[in-house]
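Me: I would like to go through this model term by term and check each label against its cut-offs. Please give the value, then the rule, then the conclusion.

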Amino acid sequence: MDNPKITRYAPTPSGFLHLGNIYSFVLTYHTAKKENAKILLRIDDLDKERTKPKFLKDIFETLDFMEIPYDLGPKNVKEFQNSFSQFKRLEKYKETLQLLKDKHVLFACDCSRNKILKMDKRGFYSGFCRNRKLGFDSSEMAWRIMTPDQEEIGLNDYTGTRVSGRMPGILKDFVVRKKDGLPSYQLSSLVDDLYFGVNLIVRGRDLYGSSLAQIFLSQYLEKNSFSASAFLHHPILKDQKGQKLSKSAGSSSIQHLRKSGKKKSDIYTTLANYLGLKGEFKKLDDFSVLVR
Ligand SMILES: [Zn+2]
């Protein structure tokens, strides 16, 4: 029997949720509905500097306000902190890092961001520390994984086709453990998706490179079910000027829209306008046309 399908909403509590997040949730919801998949709410809070309680609270309030349901994961801030925070899974990340280290595919790197930029204006890592044999356990040491330059990495597109691509330059020898000792996004995201059994991933096209990086990483793990996951990479919602809706651009945040008197139905209508959809779009179920 096939594993049950599980997908997820994965907002980061480093800004108020905006229309771009709602678009991603709407797509995830309808994809799950079509595929008979369960939805997990996964919140990444490892980045202590950027994670703020008000943003964490906002995730629950906004999902509630927009009436966007999910099946698995925390129902409120308290449940999140008690059982679902990434800090509860530090051991898991550590185990995975150790396993990678034992396979001799990692190397230690003490390069600063400035140094990397000096060596390559685009910020692509040159592989400078690959053969320097720096000690993994020295302080302020990042751990990187050796990535191939030419090899194509394959993934299952949601539509059923097998696609493949090369790791983007910005992810060459990407970091798996940051200088502060915490796992990087690529590592924690992979470990979390495996931990929760996520096998249907809906995310923005801006994370296509991350999908390749995580599939590449997963080949070293014992439980390599991740590479069999299906991926849907959706376009990034842009504003009328063609700018990406960023978290700092407050005007598209749901909090802002609510404060200016907008109701749930108004916000869905605004989203539909952004997407160029014609017709009546006042609630989540009206968007089933997005997933065929
Ligand atoms: Zn280095």
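Me: What makes Y268 and F287 count as buried or exposed?

Reply: Both Y268 and F287 are buried. Buried stands for under 20% relative accessible area, exposed for over 50%, and partly exposed for what lies in between (1.4 Å probe, protein chains only). The model is predicted, so local features need pLDDT of at least 70 and side-chain atom pairs count only at pLDDT 80 or more, while totals for chains, interfaces and linings use all residues. Residues are numbered from 1 along each chain as its sequence is written, and side-chain values use heavy atoms, with hydrogens and water left out.

Me: Which atoms are the protein donors of the zinc ion, and what makes them donors?

Reply: They are C109 (SG), C111 (SG), Y125 (OH) and C129 (SG), at 2.2 to 2.3 Å from the zinc ion. A donor is an N, O or S atom within 2.8 Å of the metal (3.2 Å for Na, K and Ca), and sites may look incomplete because water is not among the atoms. The distances of 2.2 to 2.3 Å meet the limit of 2.8 Å.

Me: Why is the site of the zinc ion called tetrahedral?

Reply: The angles among its four donor atoms are 98 to 124°. Four donors are tetrahedral if all angles lie between 85 and 135 degrees; square planar (four) and octahedral (six) need opposite donors over 155 degrees apart and all others between 65 and 115, and anything else is irregular. The site of the zinc ion is therefore tetrahedral. Along the sequence, its donor residues follow the spacing C-x1-C-x13-Y-x3-C.

Me: Which parts of the chain does the pair C109 and Y125 tie together?

Reply: C109 belongs to strand β3 (residues 106–109) and Y125 to the loop between α5 (113–119) and β4 (142–145), so the pair joins parts that are 16 residues apart in sequence. Helices (H or I, at least four residues) and strands (E, at least two) are DSSP runs numbered from the N terminus. C109 and Y125 are both buried.

Me: What makes R144 count as sitting over the ring of Y125?

Reply: The charged end of R144 is 3.8 Å from the ring centre of Y125. The rule asks for NZ of Lys or CZ of Arg within 6 Å of the ring centre and within 35 degrees of the ring normal. K75 is also placed over a ring face, that of Y70, at 4.1 Å from the ring centre. Y70 is in turn part of a cluster with Y9 and F25, linked by ring pairs.

Me: How many aromatic pairs does a search of the whole structure find?

Reply: It finds 11. One of these aromatic pairs is Y195 and F196, which is edge-to-face, with 5.0 Å centre to centre and 85° between the planes. Rings of Phe, Tyr and Trp (its six-membered ring) pair if their centres lie within 6.5 Å, and planes under 30 degrees apart are stacked, over 60 edge-to-face and the rest tilted. Y195 has a relative accessible area of 44% and is partly exposed, whereas F196, at 18%, is buried.

Me: Why is the pair of Y268 and F287 called tilted?

Reply: Its planes are 50° apart, with 5.6 Å centre to centre. The pair links distant parts of the chain, with Y268 in helix α9 (residues 264–274) and F287 in the segment after α9, 19 residues apart.

Me: How do you know that the span of helix α6 agrees with its number of residues?

Reply: Helix α6 (residues 185–196) has 12 residues and should span 16 Å at 1.5 Å a residue; its end C-alpha atoms are 16 Å apart, which agrees. The expected span is 1.5 Å times one less than the number of residues. Of the 12 residues of α6, 10 are buried, including L187, L190 and L194.

Me: Why does N36 count as exposed?

Reply: N36 has 70% relative accessibility, so it counts as exposed. N36 lies in the loop between α1 (19–35) and β2 (38–41), and its phi is near 60°, positive in a residue other than glycine. H104 also has a phi near 60° and is exposed, with a relative accessible area of 65%.
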